[in-house]
Amino acid sequence: MSEVSEMTQENSVCMQSVDMDLTCLPPGNTSLQQTDAPGAAEQQTMSVYLRVRPFSKEELSNNEDQACVVIENSQTVTLNAPKGSATMKSSEKGIGMSLHKFSFSQIFGPDTTQAELFENTVKNQMSDFLDGKNALIFSYGVTNAGKTFTIQGTPKEPGILPRVLESTFQYIGEHQYQGMDLKPYLRNGVQSLDFDQVKQERSTKAAIFASIKEECDPLRYLQRCSETHFQQ
């Protein structure tokens, strides 16, 4: 099981990240193990990764870089309260602390690419997943921390989900069933199709692929728009 926590270096978000209370992982120990119980399954661990996104141009123009998030090493990050914040004012009065340290399985800085994150967090779990073992990966963070970019990504910089799908189909390769007489049903079921149902499935598949190809072809798309305009 893996968790990818997202954190911004933005001042207003810095202390909210502290409120996530990731101190459930003691320093130096980023593994959560099941308690020993009669009949319990084998022990499982959860890896918790932290990704710190870079500042946006707007944030930099607003001078929001106050070094609130400091990556000490590959597993330790220090959070400093922003100047003028309630936390900083309280610490100056001797109430609470303005500095907090957190430990993670691994920390990825603002310069980390999508490919590097996937290689160092998810790829190792792919082999176990493809061998039939269960796996869970989720992203946690405040609004605008970069969760969608990490999980979904963009066409030019795909995130974890599209990379997992690509790796899965690459693994299947020639083992993929080419026939169309079997159709997935609900979550784990399979339906056996007769000749007429197979024929219908082939027609539906051809229509979907044709529409996708047409939408991806800019010349055909413009031609269709022009024809529609003239008809109007």
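**View 1. A nonpolar surface patch that includes Leu-136.** In this predicted model, Met-1, Leu-136, Phe-138 and Tyr-140 make a nonpolar surface patch of about 350 Å²; such patches are made of residues with over 30% relative accessible area and no salt bridge, and nonpolar side chains are joined within 5 Å. Leu-136 lies in the loop between helix 5 (123-130) and strand 7 (137-140), and its relative accessible area of 42% makes it partly exposed (buried means under 20%, exposed over 50%, partly exposed in between, with a 1.4 Å probe and protein chains only).

**View 2. The aromatic pair of Tyr-49 and Phe-108.** One aromatic pair is found in a search of the whole structure, where rings pair if their centres lie within 6.5 Å, and planes under 30 degrees apart count as stacked, over 60 as edge-to-face and the rest as tilted. The ring centres of Tyr-49 and Phe-108 are 6.1 Å apart and their planes stand at 45 degrees, so the pair is tilted. The pair links distant parts of the chain, with Tyr-49 in strand 2 (residues 47-52) and Phe-108 in strand 6 (residues 106-108), 59 residues apart. Tyr-49 counts as buried at 9% relative accessibility, and Phe-108 counts as buried at 5%.

**View 3. Confidence in helix 1 and strand 6.** The protein averages a pLDDT (the predictor's confidence in each residue, from 0 to 100) of 78, and 73% of the residues score at least 70.

**Notes.** Residues are numbered from 1 along each chain as its sequence is written, and side-chain values use heavy atoms, leaving out hydrogens and water. Local features need pLDDT of at least 70 and side-chain atom pairs count only at pLDDT 80 or more, whereas totals for chains, interfaces and linings use all residues.

Key: Patches are made of residues with over 30% relative accessible area and no salt bridge: like charges are joined within 9 Å, nonpolar side chains (Val, Leu, Ile, Met, Phe, Trp, Tyr) within 5 Å. Accessible areas come from the Shrake-Rupley method with a 1.4 Å probe; for residues, only the protein chains shown count as cover. A salt bridge is a side-chain nitrogen of Lys or Arg within 4 Å of a carboxyl oxygen of Asp or Glu. Helices (H or I, at least four residues) and strands (E, at least two) are DSSP runs, numbered from the N terminus. Rings of Phe, Tyr and Trp (its six-membered ring) pair if their centres lie within 6.5 Å; planes under 30 degrees apart count as stacked, over 60 as edge-to-face and the rest as tilted.
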